[in-house]
Structure formats: structure tokens, C-alpha cells
Amino acid sequence: MTGSTWLARVIVTPKPVVNDPQGLTVAQGLRTLGFDEVAEVRVGKYVEIRVTAEHKREARERVEEMCRKLLANHVIEDFRFEVEEAPAPAEVPSG
Amino acid sequence: MRFGVVVFPGTWSDRDCGWVIDQVLGAELRYLWHKDRDLQGCDCVILPGGFSHGDYLRTGAIARFSPVMESVAEFAERGGLVWGICNGFQILCEAGLLPGALIRNDALQFRCEWTHLVCERTDTAFTAVVERRQVLRIPISHGEGNYFADPPTLSRLEQHGQVVFRYADEHGFVVPAANPNGSMHNIAGIVNERGNVLGMMPHPERAAELEIGSADGLFLFRSLLDSGVKVLTA
């Protein structure tokens with residue numbers, strides 16, 4: 001695969017109709033700490049993917065396919081993502 | 001009746017299922033590796049409990065793309081008997097062979113305890129020797145067994161009588177207190193419309209000998225043997 005490297009940031013969240021026990025529990029924890037202003041908490045997942053593609057549009061299409069096929073379960077989850085040109089990978093010191 | 005038990009990396013109930021089939025019932029047993037496509041002529045394929053592929057991302061999400069699952073889907077399509085237990089149920093939902101999904105238990109705890117199930121369908125190959133409304137004592141062992149389906153799917157399941165097992169009290173009353181994980185409508189197990197694919201969270205293979213607390217799980221294994229349904233061979 002040739003082309004540029006892109007960084008996709010994918011966010012997967014439970015659908016509004018799905019009860020989110022983790023979110024409810026975190027909300028309770030925050031209120032216990034005195035954050036009385038907390039109205040609701042939803043807990044989801046954050047996934048970073050580095051992909052190679054000619055163009056940004058192509059990278060977006062592929063990432064969308066990844067989300068539909070594996071990263072999110074459409075029965076219980078929604079997803080959204082953004083794609084940007086990836087910074088060069090950091091040098092890993094050898095030895 | 002030849003049983004096939006699928007083994008994924010991280011499966012933990014394969015040997016328990018195998019023990020019941022082989023040692024308790026004396027039936028024919030084959031272990032099916034997740035990378036193989038050959039179902040070895042099995043009449044019933046069991047997807048056992050465990051944490052396939054570490055259950056990373058979501059329970060069953062990676063396992064459903066295993067080579068063996070293509071064969072299982074084709075087998076189910078042709079009317080073959082497929083039985084998902086615990087992680088197997090989660091895999092069947094991920095694969096779209098059963099509707100809905102299993103999400104985190106409402107109490108957020110991993111629940112490992114005895115439950116009572118009331119059986120509402122006795123006309124399936126999996127429950128043929130169970131009596132209608134019979135209460136079975138079978139344990140659960142899961143962190144993500146909270147059955148969810150959107151309202152149209154849920155009403156379709158109920159209309160078509162696809163709910164086979166519900167969590168109940170020891171007398172068979174379906175009450176909120178008997179629900180160990182927050183499942184909608186106390187659902188513990190469902191079948192597809194055709195009735196050849198069953199998914200359930202409780203573990204019948206761990207309730208197959210009185211010495212370990214209950215032999216009620218045998219009703220399901222015996223149903224498969226006794227029903228004599230030689231429906232299809234993989």
C-alpha cells in the first residue's frame with residue numbers, strides 16, 4: 001500500500017436507547033465526589049488507527065467500513081470518527 | 001447424534017461440554033478448532049462458554065470472523081442444530097445468527113451463581129423432553145449477559161415465541177428479583193425463528209450430574225439425543 005499515513009480517531013458510544021450500566025455507575029461515583037452538577041454519563045470506547053491511503057477520502061471510506069464491520073456493533077452502538085494526516089512516527093530508541 | 005464442540009483461543013467450557021457428551025451421555029464427540037472449516041459430520045454444533053480471543057473489543061466480536069463460523073452459518077442456514085452457551089450466545093448475536101446483543105450486567109459484577117429458568121418452548125430439538133413451564137436449576141457465570149434488543153426486535157421475539165428460557169424464581173415465577181443481570185423481559189435464552197439455533201447464557205453442561213448440584217442441564221442434552229432429529233449432517 002502506497003500513499004500517506006493517516007490517523008483515524010474513532011469514538012464508539014452506546015446508543016441512547018441502550019442502558020449503560022458503566023455510565024450510571026461512573027455518574028454515581030462523580031456525584032459521591034461532590035460533582036452534583038453531573039446530569040448524565042455515557043461510557044464508550046476510543047480507538048486510534050493508523051492507515052495508509054492515497055487520499056483522505058479513501059482513508060475515510062476504509063475506516064468507515066472497519067467501524068461497520070468490527071469496531072461497532074450496530075445493535076447497541078453508534079460510532080463517529082475523524083481522519084487527519086498522521087505525524088511521522090516517533091523514533092524508537094534502539095538497544 | 002454426533003456433537004461438535006467448537007474451540008476458540010480462550011474458550012473455557014469446551015471440556016465441560018465434552019465431558020457431558022462423552023462421559024455422561026456416551027454420545028459421539030468431536031472438538032472443532034476455530035481455524036478449521038470442516039464440521040466433521042456433526043449433527044449439532046456447540047459454541048461453548050469462555051472468553052474467545054480475550055473478548056477484546058466486545059464479547060464474541062473477533063470470534064465471529066473465525067473460519068469455523070462461516071461453516072457454522074452455512075450449517076445453520078441449511079437447518080443444522082447450533083447451540084451457543086454463554087460466550088457462544090454472544091458470538092451468535094455478533095454473527096447475526098440470533099437477534100439482539102449481550103451487554104454488561106446491570107450490577108457491573110461478574111455473576112457466578114445458580115439460577116432458575118422457566119422453559120417456555122418445548123417444541124424445539126433442544127427442549128423436546130422438557131415439560132412446558134418446567135423449572136430448571138442451572139448456573140450462570142458471566143459479566144456480560146444482559147440481553148438487549150430494540151423494541152421492534154423484542155416484540156417480534158415475543159410474538160413469535162422465540163424466548164425459550166427466562167430467569168425465574170424457584171417456583172417458576174418470572175419476577176425482577178430473579179433477574180441476575182438486567183436482561184430485558186428476564187430473557188435467558190432465545191431461538192431463531194426456524195428453531196434450529198439456540199443461544200442461552202446459563203451453563204447446562206455445568207449442571208449435568210447430581211454430584212455437582214444439579215442434573216437439570218441433562219434435559220437439554222437428552223432432548224437432542226431423544227428427539228432423534230437427524231435433521232442434517234454438516
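Q: Is B:Phe3 buried or exposed?
A: Start with the term. Buried means under 20% relative accessible area, exposed means over 50%, and partly exposed lies in between (1.4 Å probe, protein chains only). B:Phe3 has 0% relative accessibility, so it counts as buried. This is a predicted model, in which local features need pLDDT of at least 70 and side-chain atom pairs count only at pLDDT 80 or more, while totals for chains, interfaces and linings use all residues. Residues are numbered from 1 along each chain as its sequence is written, chains are lettered from A and ligands numbered from 1 in the order in which they are written, and side-chain values use heavy atoms, leaving out hydrogens and water.

Q: Where is the place of B:Phe3, and which residues does B:Phe3 touch?
A: Helices (H or I, at least four residues) and strands (E, at least two) are DSSP runs, numbered from the N terminus. B:Phe3 sits in strand β1 of chain B. Contact means heavy atoms within 4.5 Å. Not counting residues up to four places away in sequence, B:Phe3 touches residues including B:Ile21, B:Leu29, B:Cys44, B:Ile46 and B:Phe221. The C-alpha atoms of B:Phe3 and B:Gly41 are separated by 9.0 Å, and the two residues are 38 residues apart along the chain.

Q: Which strands pair with β3(B)?
A: Two strands pair if DSSP finds at least two bridges between them. Strand β1 (residues 2-7) of chain B is joined to β3(B) by three bridges, and the two run parallel. Here B:Phe3 stands opposite B:Cys44. Strand β4 (residues 81-85) of chain B also pairs with β3(B) in the parallel sense, over four bridges. In that pair, B:Val45 stands opposite B:Val82.

Q: Which way do the residues of strand β3 (residues 44-47) of chain B point?
A: B:Cys44 and B:Ile46 point one way, and B:Val45 and B:Leu47 point the other way. All of them are buried.

Q: What unit do β3(B), α2(B) and β4(B) make?
A: Handedness is read along the path. A crossover is right-handed if, with the strands pointing away from the viewer, the path from the first strand over the helix to the second runs clockwise. β3(B), α2(B) and β4(B) make a right-handed β-α-β unit.

Q: Which residues of the largest nonpolar core touch the most other members?
A: In soluble globular proteins, nonpolar side chains tend to be buried together. A nonpolar core is a set of buried Ala, Val, Leu, Ile, Met, Phe, Trp, Tyr and Cys residues joined through side-chain atoms within 4.5 Å. The largest core has 65 residues, and B:Ile46, B:Trp83, B:Tyr147, B:Phe165 and B:Leu198 touch the most other members. Helix α2 (residues 67-77) of chain B gives the most to this core, with five residues. A second, separate core has 15 residues, among them A:Ala53, A:Ala72 and A:Val83.

Q: Which residues does B:Tyr147 touch?
A: Leaving out residues up to four places away in sequence, the residues that B:Tyr147 touches include B:Phe89, B:Pro99, B:Leu154, B:Met184 and B:Ile190.

Q: How many residues of α3(B) are buried?
A: Eight of the eight are buried, so α3(B) is largely enclosed by the rest of the structure. Among them are B:Phe89, B:Ile91 and B:Glu94. B:Gly96 follows α3(B) and has a positive phi, near 80°.

Q: Which strands pair with β6(B)?
A: Strand β6 (residues 111-119) of chain B pairs with strand β7 (residues 135-142) of chain B in the antiparallel sense, over eight bridges. The bridge partner of B:Trp114 in β7(B) is B:Pro139. Four bridges join β6(B) to strand β9 (residues 163-168) of chain B, and these run antiparallel. B:Leu117 stands opposite B:Tyr167 in β9(B).

Q: Is A:Phe79 buried or partly exposed?
A: A:Phe79 is partly exposed, with a relative accessible area of 25%. Its place is in strand β3 (residues 77-85) of chain A. Leaving aside its neighbours within four places in sequence, A:Phe79 is in contact with residues including A:Ile11, A:Cys67 and A:Ala72. A:Phe79 and A:Pro14 are 65 residues apart in sequence and 8.7 Å apart in space, C-alpha to C-alpha.
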